[in-house]
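Work through the exercises below with the sequence and the structure at hand. Each task is followed by a solution in steps.

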Amino acid sequence: VEAVNLIADGKAPRIPQPEEGATYEGIQKKENAEISWDQPATALHNWIRGHDKVPGAWTTINGQMVTFYGSSLLDASVPAGQELAIKSASRPGLVTKNGLVIFGNDGKMVLVRNLQFEDGRMIPASKYFSADETTALELTEEEKKIAEDIR
């Protein structure tokens, strides 16, 4: 009550805050979010989740910066998948039907669900090798009629 009364009367002490360390700049920067691969799976998972969504934990795949989103620890046998070489990783990742499986230095696994490329495209990690494929949409006669009616 005393503090409120001092403020109301305009007599509250004013202590200026030091400007040292004051900033509006984001603490987390993209260049500081690169994944260090010499860690156990739990640390990799924590790093990816800790940087999810901003700024995003990233690594280099095929010479391109790729950002990982949506990780979870995977406690199962090694799933079947297509190998994906990851720069500085001791073991290649595996693109599986559920996402990208990466390995910690302890041999345990982390599942990453989404990948974002430098150009901003985001894809499910399970579609990494089919990301560049394009399929033409083919409509049946009935669908063509509906499309024409909509137009």
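A residue is called buried when its relative accessible area is under 20%, and exposed when it is over 50%. The model is a predicted one.

**Exercise 1.** Determine which residues of strand β1 point one way and which the other, and whether they are buried or exposed.

*Solution.* Start with the directions: Ala57, Thr59 and Ile61 point one way, while Trp58 and Thr60 point the other way. In a regular strand, side chains alternate between the two faces of the sheet. Next, check burial: all of these residues are buried. Because five of the five residues of β1 (residues 57-61) are buried, the strand is largely enclosed by the rest of the structure.

**Exercise 2.** Describe how β1 pairs with strand β2.

*Solution.* β2 covers residues 64-74, and the two strands pair in the antiparallel sense over five bridges. At one of these, Ile61 has Gln64 of β2 as its bridge partner. Two residues lie between the strands of this hairpin, and Asn62 takes a positive phi near 50°.

**Exercise 3.** Is His45 buried or exposed, and what does His45 touch?

*Solution.* Locate His45 in helix α2 (residues 41-50). Its relative accessible area is 15%; the cut-off for buried is under 20%, so His45 is buried. Leaving out residues up to four places away in sequence, His45 touches Ser71, Ser72, Leu73 and Val110.

**Exercise 4.** Find which residues touch the most other members of the largest nonpolar core.

*Solution.* The core has 22 residues, and those with the most such contacts are Trp37, Phe68, Leu100, Ile102, Val112 and Leu115. Two or more residues each come from α2, β1, β2, β5 (99-103) and β6 (109-117). The largest share, four residues, is that of β6.

Definitions and conventions
Residues numbered from 1 in each chain as written. Predicted model: local features only at pLDDT ≥ 70, side-chain atom pairs only at ≥ 80, totals over all residues. Heavy atoms only, no water. Buried < 20%, exposed > 50% of the residue type's maximum accessible area, 1.4 Å probe, protein only. Pairing = 2+ DSSP bridges. Contact = heavy atoms within 4.5 Å. Core = buried A, V, L, I, M, F, W, Y, C linked by side-chain atoms within 4.5 Å.
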